[in-house]
Amino acid sequence: MTFTSTDLEVEGAAGGETVGEPAPASPPAQGRHLVHAFLRDRVAVACGVYILLVVLMALAAPLLVKISGYGPLEFDQSAVDPNLGGLPIGWGGGMGAEHWFGVEPGNGRDIFARIVYGARVSMTIALAATVLTSVLGVVFGLIAGYFGGRVDMVVSRVMEFLMAFPALIFMIAVLSALPADNRQFLLVVVISFFGWPYLARIVRGQTMSLKEREFVESARASGASSLQIIFKEILPNLASTIIVMTTLAVPGYVGTEAGLSFLGVGVVPPTPSWGQMIASSVPWYAVDPAYFLIPGAFLFMLVLSFTVLGDRVKKIAESGEGRA
Amino acid sequence: MSRFLLNRLLGMVVVLFGVCLFTFVIFFVLSPDPAVQICGKNCTPEAIDQIRENLGLDQPFWTQFWTFISGLFVGRTYGTGPNAIDCAAPCLGYSFQTSQPVTDMIMQRLPVSATIAIGAALLWLLSGVAGGLISAVREGRFADRFIAGLTLTGMSIPNYVLALSLQFVLVVTLGWLPFPQAVSFGNDPLQWFLNFLMPWIVLAIGAAAVYTRLTRANVIESLQENYVRTARAKGLSPGLVWRRHALRPALTPIVTIFGMDFANLLGGALITETVFGLNGVGKLAADSITKNDQPVIMAVTLLAAFLVVVGAMVVDLLYTAIDPRVRVGSAK
Amino acid sequence: MNKRSTRAPAAIMAAALLLTGCSGGGADDSGGGGGGDPVEGGTVHMLQNADFSYLDPARGFDGGVNAFYRLIYRGLTTQAAGDAEDPNAIVPDLAESLGTASEDGLTWTYTLKDGLKFDNGDPITSAEVEFGISRAWDPEIGIGSPWLKKTIAAPEDYLGPYRSGDHPGIDAPDEHTIVFHLIEPFPEFDNVLAQPNAVPFPVGSGAGDEFINDIIASGPYTLESYTPGSLIELVRNEHWDPETDDVRRAYPDAWEFEIGLEGATIDERLMAGQGSDVNAISGVIQAATLARVQTPELQERLKTSPAYCTTYMSMNMTKAPFDQLEVRQAINWAIDRKSVQTASGGTQLADPATTIIPEAVTGHQDFDLYPSEDYGGDTDKALELLAQVGLEDGFSFVLDIRSQPKMQAQAEAIQQALKEINVEVELNVIDTSTYYETIGTPSQQHDAAITGWCPDWASSASTMVPPLVDGRNITDKGNTNLAQIDDETINARIDEISAMTDLEAANAEWGELDEEVMALAPIAPLVWEKGIFLPGENIAGYHPSTSMTDLTIIGLEDPSLG
């Protein structure tokens, strides 16, 4: 409840939606400008590199684990001290050549392997949710904005309804009650279900103003069908908005997935996930801070990188607008 | 104005009814049989049937839904005979796991959630607006960039990671703060403050970051508006220009999201309350979810939705009062 | 029984946290936080995660709440004080002495003491005892301990005092005498009356939700305030006469139960011992805390208690390949109990279990039919057995577990160990709130499940072994014989031992039966989870137990502190 992406709401509010002035239509920024501007920004590049690293890590997880020597589920009883409740032996939660990031207390599972495999879960779910949300948001936003009238009313009511919903409580309740068979899929569905209105609202507003513009009028006059107008004329004009909104949404989803796993309704163990690792580190953080800090830092950096990236993409898109 | 109000009220009722219905359907389908929970361990199928009948659980869906809705307004009675349980209006249901009326459970915990919410809201509102103003005034300079960095960090740190880190550093390692407990203000104002400080910070930091960015953007934007330039050209004192022409319109959008965010929080800060072990509505929700105590989950969901919807309406009304650019008639 | 109540999640957590007392065989004798003696006065604080299941003893039934009931309620008999020589023993409480059985064992008679009163000053006579006990038959209220209903004769349609009036199987011929008519002879009937729901209440009270938020006490304390899920405050019951009570000492003037705290927070507070936390006690400390209590000061405060429950994995004998003896034995050979032990908190919090009856429960006999070096499992033996039935290439099965970190860790340890014998374990994580209901329903349970079992009374193994292996006890719902073993020899042995009136001899037999059952390997005992407790510095007379801590003998060394 506290961490559905408030940011998106803000963008919505700032975009002038609620004030009642349609936001200005933004023609697509030139792609090359965008890339250039982006590459000049060192912070953005650093964030991009980190994200890339996590993606690579996720993709190459099985390989990396072969190199490091321990799988994500493998126990290593020799790395923990059974007389101290299974506390990892040695400095930094058992860090060393054997276990690069140390081991989990109690069972001695390799944290490096679990981080690497956990990245898979984080990325898969966040990206899948982003794709699904964007599709839903764009389609419903376009439909509502373009057709207006009754269609708009229905879609708007549904959006209002979903946004009024205490999403977090509800997500947890539903997830904990549903069978755990296909948790990853369920997570994506549930996150997207509550996420799309935030994008749809903006798309709707821009569509409403775009459809009054001359080029749409002329397309209509030349006999184009509604579908053609929506997808050929209006959609391309929304590209930069959608890119910006989507980039801004990703960190929210990464956080949501981790949060749900932290609360115990995310992916099912023993599948590793960062949120889950943080949750299980709670009782240990005073004696084995590394166990908490490592997944905590990976998660924080990932969310931060996506946030910064989204922020920069937005700025660049806006300034691109200015030039065009 | 009154027509606008009426429309809003109607819309609110529709949304709330939708939330009720949706929640009810979901839990009707998903939840475990309360009769089994009541029946306990030495249960026979006959006993379960008996209980189901007593509680009206054998009734069709719509009858049960109607009983629930009417219970909100006129109360209801669970069961018949010597063990009947009265649930006075507004009856949000009866928790068969804890044997408590849900309304009571929520009311007992609301003060804790409200304390957390109000403190956090004040904190993020003040720091957010202040940070935003500083950034706007110092646009492009070090202070601005520094604050920008802080806000990005604040927006990105998952609140449970922050909560645990703060607790580790401030409580466990340094011993500066106590483990948060719901100390009442009347008993010991200082302890009250110290106990609630961490939850306030944890909850406020994300929102404060958002508010900073928003304030900054709005102030910068309105300083460039024509009427501000005109006012300046007319020779009004800078202070007056700021107050009347830049600040006021710039802060208007803040009110919009503040109402919603605050309402959202009143319904319980699930993660923060859980991490710190504070018995507010959010923790109640989390505990009930673990125990699958369906009536409570449903009630908390409804309460939270109710607060958000009412919050949205209050915001709309306030809006018309503070922003000279908006008049109700012209709002779409 | 504790471990399978339908309200299990809360109940178990409470049980786990509250743990109990006594050191079953006197694991420690000093009995106090600082080693001093308790004196009268002050307030003892109990820090706990979960709320008690019910204040009404006819409804609640688990280790945690049973310990709490002892502070506010009294029965005809009760478990001996936590520091008694045999804390498992049953001693008279409201009754002058233990019951007198008739020749045929079907009628038991008790005589009440003089001067017994409720917290409102009304006298407790046999009528109130009969009334209180008869509440167990109410279908909605009597959901606690099943033993009264299992032993005392009552017509099928008797539905408790509120619907059906007086209990036909209990007579109160005069104010002091109470007579019970049993369904069949039950030599351990004194234990039944020590159950938490066998307590007196004023005639006519306690219908509906009357005892949900308020109670009528017969013990040394009564309820001052109750905020569900947050706080319970107890104060002295002025009408309790210590002269009538040989068990409870009731040193402190008041009790405060702080509820809803996280386990880690509780441990931190106990270690720090700030303010009133010097007067605090709690349940077993967390595994993660162990490393931090190694300092001499904290070591001195630590208390231990042996395990009263056995954590085990049941193997569903109605499903292949667990219908084959060799397979079940192979699993017993292969499991690495050492790693399960580490997953359960390590050597200080758990011991590898090789028998069904834990050591602290009377009747335990020490044996290990599937021995291996350092309890690490013997894969060669296991593979050999599997080869005999042509399963040397392995098989896979589904293991039901509760979504709770420790149980998941235990399951993962088994998963790892069985991989060595090519057996693939698929974990089926079930929500805590529905776990016991699911595995107790044979149509829903899978191939195997991890769960625990505690005896309803520790003075004999009669409630430890039979519930898990009596073939006639397999029910459609609420089944406790998870392996669904139905072996004629074992069934007959259960009947034979249950009928023995010499309880000591019976206990020896239960131990024998344990071994006979383990030869058939319907279950694989995993660990005995012990308790380590960290009481506040000012706590005295503390004898924690993993079964039921005797709160009534605890006090403060210096009531002026905190």
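Predicted model: local features only at pLDDT ≥ 70, side-chain atom pairs only at ≥ 80, totals over all residues.

Modeller: C:Pro321 sits in the loop that runs between β13 (310-315) and α11 (325-334) of chain C.

C:Tyr375 is placed in the loop between β14 (350-352) and α13 (379-388) of chain C. Its phi is near 60°, a positive value in a residue other than glycine. C:Tyr375 has 21 other C-beta atoms within 10 Å and is therefore buried, the cut-off being 20 or more. C:Gln484 belongs to the loop between α16 (466-469) and α17 (488-498) of chain C. For C:Gln484, phi is near 55°, again positive in a residue other than glycine. C:Gln484 counts as buried because it has 21 C-beta neighbours inside 10 Å.

In general, strands of a sheet pair through backbone hydrogen bonds, in either the parallel or the antiparallel sense. For β15 (residues 396-402) of chain C and β16(C), the sense is parallel, and the pairing extends over seven bridges. Within β16(C), C:Glu426 is the residue that stands opposite C:Val398.

Chain C also touches chain A. To this contact chain C gives 26 residues and chain A gives 24 residues. On the side of chain C that touches chain A, the elements giving two or more residues are α8 (263-272), α9 (287-290), α12 (337-343) and α14 (405-419) of chain C. The largest share of that side, six residues, is from α14(C). By type, the residues on the side of chain C that touches chain A are 11 nonpolar, 12 polar and three charged.

The other two chains can be described by their elements and contacts. Chain A has 13 helices and two strands, and 56% of its 324 residues count as buried. Chain B has 13 helices and four strands, and buried residues make up 47% of its 332 residues. Of the contacts with a separation of 6 or more, residues 24 or more positions apart account for 74% in chain A and for 64% in chain B.

The last topic is the nonpolar core. The largest one has 337 residues, of which A:Ile172, B:Val300 and C:Val465 touch the most other members. Helix α6 (residues 111-147) of chain A supplies the largest share of this core, 18 residues. Domain 1 (33-91) and domain 2 (105-326) of chain B both give residues to the core, so it lies between them. Leaving aside residues up to four places away in sequence, A:Ile172 touches A:Leu260, A:Leu263, A:Val265 and B:Ile289.

Technical notes. Residues numbered from 1 in each chain as written. Chains lettered and ligands numbered in written order. Contact = placed C-beta atoms within 7 Å. Nonpolar A, V, L, I, M, F, W, Y, C, P; charged D, E, K, R; others polar. Buried ≥ 20, exposed ≤ 12 C-beta atoms within 10 Å, placed from the backbone. Core = buried A, V, L, I, M, F, W, Y, C linked by C-beta atoms within 7 Å. Domains from an automatic or database assignment. Pairing = 2+ DSSP bridges.
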